[in-house]
Amino acid sequence: RGDAKLLGELLQSGAVQQAVLVARLAATRALGAFWAAGDVRGALGHLQLLRDCSVTADFLRAGGLRSCSSLESAALFLPSVACLLESAFEQHLSQALTAALELLGGYGRIVADTRAAAALPGVGIDLKAEERLERCDACYGEFSRMHRHLASLSHQPLAIRQPAKELARQMEGVLGLPPS
């Protein structure tokens with residue numbers, strides 16, 4: 001009787017696992033369709049809507065970070081990276097830290113300089129500059145959110161703690177965020 005109950009529980013959890021994997025496959029296929037069509041904005045927007053760490057991790061493993069070749073794509077991708085940074089899984093944390101370091105290295109100075117320039121008095125209306133400032137503010141907000149979360153990684157293994165400290169240090173240096 002005990003074996004039958006255990007078998008029933010295993011089969012039931014197998015159905016749950018199957019449903020999770022089917023949903024993950026569907027999300028990954030949809031993401032792949034955006035990517036195949038060359039719609040980076042659509043792919044990153046889809047990824048952001050999913051808020052699924054596993055799909056974000058799959059995207060990073062497949063080289064998705066290379067698609068972040070503009071400030072706009074970085075602004076679209078950073079929320080997914082920030083979400084991944086809140087995962088309970090070490091592999092997700094490692095991928096998020098690596099991606100955040102790369103994005104900070106590629107766009108951190110642009111974000112900081114654009115925000116600093118916006119504080120200076122300007123003449124006239126520059127719509128492109130306003131769009132760039134909006135993207136920079138979005139990036140800054142996500143980097144700030146990640147920075148606040150990094151201190152909570154102090155209990156993680158050394159392989160996570162060290163990159164987290166390095167990311168915090170770089171965010172403080174490049175973006176002028178206060179030490180955590």
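**Reading the model**

Modeller: Asp113 is partly exposed, with a relative accessible area of 40%; buried means under 20%, exposed over 50% and partly exposed in between, with a 1.4 Å probe and protein chains only. This is a predicted model, in which local features need pLDDT of at least 70 and side-chain atom pairs count only at pLDDT 80 or more, while totals for chains, interfaces and linings use all residues. Residues are numbered from 1 along each chain as its sequence is written, and side-chain values use heavy atoms, with hydrogens and water left out.

Biologist: Where in the chain is confidence lowest, and where is it highest?

Modeller: pLDDT is the predictor's confidence in each residue, from 0 to 100. The chain averages 90, and 93% of the residues score at least 70. Confidence is lowest in helix H1 (residues 2-36), with a mean of 78, and highest in helix H7 (residues 158-175), at 97.

Biologist: How many helices and strands does the chain have?

Modeller: Helices (H or I, at least four residues) and strands (E, at least two) are DSSP runs, numbered from the N terminus. Here there are seven helices and zero strands. The C-alpha atoms fill a box of roughly 80 × 40 × 20 Å along the principal axes, and buried residues make up 35% of the 180 residues.

Biologist: With which residue does Asp113 form a salt bridge?

Modeller: A salt bridge is a side-chain nitrogen of Lys or Arg within 4 Å of a carboxyl oxygen of Asp or Glu. Asp113 pairs in this way with Arg109, the closest N and O atoms being 3.5 Å apart. Because they are four residues apart in helix H5, about one helical turn separates Asp113 and Arg109. Arg109 is also partly exposed, at 44%.

Biologist: Which parts of the chain does the pair of Asp58 and Arg24 link?

Modeller: Asp58 forms a salt bridge with Arg24, with 2.7 Å between the closest N and O atoms. This pair links distant parts of the chain, as Asp58 is in helix H3 and Arg24 in helix H1, 34 residues apart. Arg24, Asp58 and Arg61 are linked in a network of salt bridges. The whole structure holds eight salt bridges.
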